[in-house]
Amino acid sequence: MRVLGIETSCDETGVAVYDSAGGGLLAHALHSQVDLHQAYGGVVPELASRDHVRRIVPLARRVLAQAGLTLADLDGVAYTEGPGLAGALLVGASVAAALAFALRKPVIGVHHLEGHLLSPLLATPQPAFPFVALPVSGGHSQLFAVAEVGSYRLLGDTLDDAAGEAFDKTGKLLGLAYPGGPALAELAATGVAGSVTLPRPMKDSGDLDMSFSGLKTAVLTIARREPLTQQRKADIAREFQDAVVDVLACKALAALWATGHRRLVVAGGVGANRMLRARLQADVAAAGAEVFFPDLEFCTDNGAMIALVGALRLQSGMTTDYAFAVRPRWELASMSVPR
Ligand code: KG4
Ligand code: ZN
């Protein structure tokens with residue numbers, strides 16, 4: 001089954017074609033709106049929606065050409081139904097539903113986070129089920145027990161900011177451009193480990209919940225106390241990253257232990273962080289388990305993960321009505337197993 005996947009939940013327009021009959025990912029293309037929102041220090045929803053409108057059709061044409069396909073070769077269309085920005089989601093949903101209706105092919109709304117969780121299935125080797133999943137992005141820092149496609153049991157959640165949100169806000173405090181995550185990670189590379197001390201929030205809380213907003217406040221307190229030289233900023237960035245990585249690694253290991261699962265899947269934008277990858281590789285191997293990451297380009301938002309999940313669901317007969325709706329808020333644990 002060849003499925004066109006469309007992602008427009010936030011500030012990236014992603015389009016891809018996935019073939020579930022063995023071809024795998026046939027083509028994908030992405031337009032990032034980072035430059036558009038940078039002047040505002042964060043995503044401006046109305047600008048995001050308008051830019052999706054501009055990009056989506058040219059991207060779809062490019063992806064089909066790359067795959068050597070025409071619209072008639074598609075067996076279905078998938079789009080991100082939620083969670084995300086309502087206006088941005090509506091662009092992808094309306095284009096997907098209109099296209100599928102015109103082609104007389106099924107359409108399916110996909111959960112954005114399910115896309116992230118299953119994105120390591122686009123890489124080799126693929127993780128086998130069951131596994132523990134750690135989606136860490138701008139909107140989510142959670143732990144799930146994943147029994148199979150569609151079965152997601154929430155083990156732990158952030159009580160406040162998501163890990164990526166904490167990176168972005170702390171990056172802003174340090175005067176870095178939006179999005180703060182990659183910029184802060186780059187700055188941290190020149191920082192001296194241990195020269196600043198930040199807390200490890202909830203590391204020993206005894207449960208699998210997390211909290212990251214206190215770290216940003218601790219950085220703010222330091223920034224107010226002293227003028228920050230470039231080296232001091234780098235030292236703070238290093239300690240901030242060490243603290244987030246430390247908490248995420250401890251919670252992920254605790255989740256493996258609590259579930260008895262032997263595989264950890266990491267996904268979402270913060271999953272691109274090299275320190276996090278290295279720490280998890282070491283800790284998970286030491287625990288006799290395996291860790292899986294999506295390819296770097298599929299850690300952040302993309303159309304490939306939506307095409308993949310769309311194909312998995314469409315091939316089991318699930319579809320969405322052409323009279324689409326979007327779900328800006330949508331709990332992953334409410335999903336069902338495709339049968
Ligand atoms: O998954 P994603 O593209 O979008 C959401 O669904 O949120 O994740 C974006 C988040 C941003 O907060 C960004 O700062 C963060 O991922 N991020 C990183 C890195 N690359 C992206 N955070 C830390 N280190 C990175 N290398
Ligand atoms: Zn995302």
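Colleague: Leaving aside neighbours within four places in sequence, what is Val-266 in contact with?
Modeller: Pro-120, Leu-134, Val-136, Gly-271, Leu-276, Leu-280, Val-291, Phe-292, Phe-293 and Pro-294. Contact means heavy atoms within 4.5 Å.

Colleague: What should I know about the model and numbering?
Modeller: This is a predicted model, where local features need pLDDT of at least 70, side-chain atom pairs count only at pLDDT 80 or more, and totals for chains, interfaces and linings use all residues. Residues are numbered from 1 along each chain as its sequence is written, chains are lettered from A and ligands numbered from 1 in written order, and side-chain values use heavy atoms, without hydrogens or water.

Colleague: Which residues touch the most other members of the largest nonpolar core?
Modeller: Leu-134, Phe-212, Phe-240, Leu-248, Leu-264, Val-266 and Leu-280, out of 44 residues. A nonpolar core is a set of buried Ala, Val, Leu, Ile, Met, Phe, Trp, Tyr and Cys residues joined through side-chain atoms within 4.5 Å. Buried is under 20% relative accessible area, exposed over 50%, partly exposed in between (1.4 Å probe, protein chains only).

Colleague: Which helix gives the most to this core?
Modeller: H8, with 13 residues. Helices (H or I, at least four residues) and strands (E, at least two) are DSSP runs, numbered from the N terminus.

Colleague: Which residues does the second core include?
Modeller: That separate core has 31 residues, including Val-3, Leu-122, Ala-304 and Met-335.

Colleague: Is Cys-299 buried or exposed?
Modeller: Buried, at 0% relative accessibility. Cys-10 is partly exposed, at 24%.
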